[in-house]
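Open the model in your viewer and colour it by secondary structure. The tour goes from the sheet to its helices, then inside.

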Amino acid sequence: MTEFYNRTREKARRRHLRRNLTPAEKRLWFRLRDHQLGGLKFRRQYSVGPYVIDFYCVEKKLAVEVDGDSHFGGGSEERDELRDRFLRDFGIRVLRFTNVDVYKRVESVLEHIFDVADGVRDE
């Protein structure tokens, strides 16, 4: 299974990303870590194929992405769509939030994540 999930050759990249979380990612991770959200276990900087997911709940096959300015413009939307399609092909649901969402509405973001994980809400 390591040919697609958390491949060894991506380990240094994942470690670098974990050590250099953006402020918005740090804020959300502080609330997701240690099973704080409904007992769900999230991993940060988890890789699937060539992509590294910001936060991933293995049990629910749920990816959570926090998008900063680099995700808007310059072809980023198309790259994100390709990435999301790749993940969906593995049966992974993808939720995307902006930095602004995390900064201004973190409780709503957490509620949405939990509702999708619990099957109450669609992506």
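Contact here means heavy atoms within 4.5 Å. This is a predicted model, where local features need pLDDT of at least 70, side-chain atom pairs count only at pLDDT 80 or more, and totals for chains, interfaces and linings use all residues. Residues are numbered from 1 along each chain as its sequence is written, and side-chain values use heavy atoms, leaving out hydrogens and water.

**The sheet.** Select the strands (DSSP E runs of at least two residues; helices are H or I runs of at least four, and both are numbered from the N terminus). Four strands form an open sheet in the order β1-β2-β3-β4, with mixed pairing. Pairing requires at least two DSSP bridges between two strands.

Now zoom in on β2 (residues 51–57) and β3 (residues 62–67). They run antiparallel, joined by 3 bridges. Tyr-56 stands opposite Ala-63 in β3.

**The helices.** Show α2 (residues 23–32). This helix packs on the sheet and touches β1, β2 and β3. Next, α5 (residues 106–117) packs on the sheet too, touching β3 and β4.

**The cores.** A nonpolar core is a set of buried Ala, Val, Leu, Ile, Met, Phe, Trp, Tyr and Cys residues joined through side-chain atoms within 4.5 Å. Buried means under 20% relative accessible area (1.4 Å probe, protein chains only). The largest core has 22 residues. Its largest share, 6 residues, comes from α5. Select Leu-28, among those with the most contacts inside this core. Its partners include Phe-55, Val-64, Val-109 and Ile-113, not counting residues up to four places away in sequence.

Finish at a second, separate core of 9 residues, including Tyr-46, Ile-53, Tyr-56 and Ile-92.

Technical notes: Axes fitted to C-alpha atoms, helices over the stretch in contact; angles between N-to-C directions. Buried < 20%, exposed > 50% of the residue type's maximum accessible area, 1.4 Å probe, protein only.
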